[in-house]
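Let's take a walk through this structure together. Have the sequence and the 3D view at hand, and we'll go chain by chain before looking at a few spots up close.

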Amino acid sequence: MIQRTDLPVLKPFRLGAAEPFRFSAWHGVALVAALLVAVGIGEAQAAPGTPGIIATILKWTPLLAQGFALNIAMSFLAMAIGTAVGVPLGLAQISLLPPVRASSWFATQFFRNSPWLVLLFYCMLLLPFEVRVGDTIIPLPGWLKSTIGLSLPVMANVSELVRGAVRSIPYGQWEAAESLAMSRRQTLGMIILPQCVKRMTPPWMNLYAILTVATPLTSVVGVSEAMTLTGDILSSEARTDLLVPMYLYLLLWFFLYCYPIARATIALEKRFQVR
Amino acid sequence: MMVWTPDQPLVRLAEVHKSFGAITVLKGVSMAVMKGEVICIIGPSGSGKSTLLRCINALVPIQRGSILVEGQEVNDPKLDKLALRRKVGMVFQQYNLFPHKTALENVMMAPIHVLKRDRGQVEAEALALIRKVRLQGKEHAYPGELSGGQQQRIAIARSLAMNPDVMLFDEVTAALDPETVKDVLVTIRELAEDGMTCMIVTHEMGFAREVADQVYFTDGGVLVEHGPPKQFFASPRDPRTRQFLDQIL
């Protein structure tokens, strides 16, 4: 019901531009339609005697799946490293010691505002190809180095998530815990952070989806993930009519992986909003 | 250090000055509260009532003056804040229950983790406290499932679970629906009748008249006057007190 009034009213606040990008079902529909059109055109124009587009795509699918598995593995690992380092970094940002607070703030801002590709190159070029711990030699293959490179911006974003979540807890919670003679550590560990986990989960999942679609960046530094393999497939086939369908096909893989995450994130956000 | 004995004031404030930046909130407040005494602090908004209570359990530091709680100086950089707060319970206007814990867990948390007491014993006491505030049956409810008045009574039980020597109440009924105010006031009155030392900041004049041993009136960061409720409400001496009482009664 719309009520009219001459009084000045505060319109409901809407998140417009601030809404993070998420895959929606329409992206999927558009993607499938584009793929079908591209395949259709390709099949119609195919020179006699050459295998069809669909047959070629299916032939390479197992290899593409292998590459995609590496993308997922890198995203998992980068997320794990980024979270494991980012949470303590975020807590350091709310430390009572000014030097700790300032240095962790600087590290967070530095890695959050650096282009991911630049960080990737730095890690690729600066990290050694192996590290020696005592007598054992641990090799650092390219995919591992780029995973570390991807984990840096993740770490910085998680750090900001933690800081923001802690700040969003009403100050009364701190006061109540303090008045019950709880130490700062107890207050954080038992009162503040458990409430933060709920608030942090949707944006954390969003960050994971962003990280996953960023993993093809590693193709630039030569990791054999799905994007690199798609390029390899295209050059070995040497057929220009494959170019558009093949990349659309790769895009579909990422969509199918990230869309459920986007749906789950929205569902969680809605659930948490009610409380 | 002076040894505190129960014949001395449990809480003694002397010339307490507190400012937030350029804003002076307390301009030399002195008062003494004996063990078992119930005092109510009334006064207009912004007169420093809530700040006064927060100074006593060191939630906010003071700039000048002295606050003694059982002979322990609160305005001391070497103060063991946690030891002080074990003796001083506090209940807030906004209840501030921990929303991710049930009512029972809220009550049990501090005794178990701060006092390191045995869980079984704490649980028995917590259940008794929840009965005392008449919320049996709500032990496993989350704060979000309780009304404001119920939450506030759980908050009182949570403070009592620490077995404090003095309880501070900071406008505990100000955020409540009128119909739930009474339950909370009854709980506080029972507490006062049990001999708990209480310092109550309130806007409920009827309650103050009924329950207080001493009523203090603050205005502009100073204690204007105080007295037993009968005398205080019947014949206030200071014109500011008279004006305030005229406005609200």
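The accessible surface of chain B comes to about 10,900 Å², and carbon and sulfur atoms own 49% of it. Chain A exposes about 15,500 Å², with 70% supplied by carbon and sulfur atoms. These areas come from the Shrake-Rupley method with a 1.4 Å probe, and for residues only the protein chains shown count as cover.

A quick word on what you're looking at: this is a predicted model, where local features need pLDDT of at least 70 and side-chain atom pairs count only at pLDDT 80 or more, while totals for chains, interfaces and linings use all residues. Residues are numbered from 1 along each chain as its sequence is written, chains are lettered from A and ligands numbered from 1 in the order in which they are written, and side-chain values use heavy atoms, with hydrogens and water left out.

Let's stay with chain B. You'll find nine helices and 10 strands in it; here helices (H or I, at least four residues) and strands (E, at least two) are DSSP runs, numbered from the N terminus. The radius of gyration of chain B is 18 Å, close to the 18 Å that the globule rule gives for 249 residues, so this chain is as compact as a globular protein of that length. That radius is taken over C-alpha atoms, and the globule rule is 2.2 Å times the number of residues to the power 0.38. Along the principal axes, the C-alpha atoms of chain B fill a box of roughly 50 × 45 × 35 Å.

How much of chain B is buried? Buried residues make up 56% of its 249 residues, where buried means under 20% relative accessible area, exposed over 50% and partly exposed in between (1.4 Å probe, protein chains only). As for charges, the mean positions of the 29 positive and 29 negative ones in chain B are 3 Å apart. Lys and Arg count as positive and Asp and Glu as negative, with His and the chain ends not counted; the place of a charge is NZ of Lys, CZ of Arg, CG of Asp or CD of Glu.

Buried residues make up 43% of the 275 residues in chain A. The chain carries 20 positive and 13 negative side chains, and the centres of the two sets lie 11 Å apart.

Next, the inside. The largest nonpolar core has 80 residues, and B:Leu13, B:Met31 and B:Met199 touch the most other members. Such a core is a set of buried Ala, Val, Leu, Ile, Met, Phe, Trp, Tyr and Cys residues joined through side-chain atoms within 4.5 Å. Helix α7 (residues 184-214) of chain A gives the largest share of this core, 12 residues. Apart from this core lies another, of 50 residues, including B:Val133 and B:Met167.

Leaving aside neighbours within four places in sequence, A:Ala209 is in contact (heavy atoms within 4.5 Å) with A:Cys258 and A:Ile261.

What covers the buried residues of α3(B)? The cover includes α7 of chain A, together with α4 (119-132) and α5 (148-160) of chain B.

B:Glu70 sits in the loop between β4 (64-69) and β5 (72-73) of chain B, and has a positive phi of about 50° although it is not a glycine. B:Glu70 counts as buried, at 15% relative accessibility. B:Glu171 is found in the loop between β7 (166-170) and α6 (178-193) of chain B; its phi is near 45°, a positive value in a residue other than glycine. B:Glu171 is buried, with a relative accessible area of 12%.
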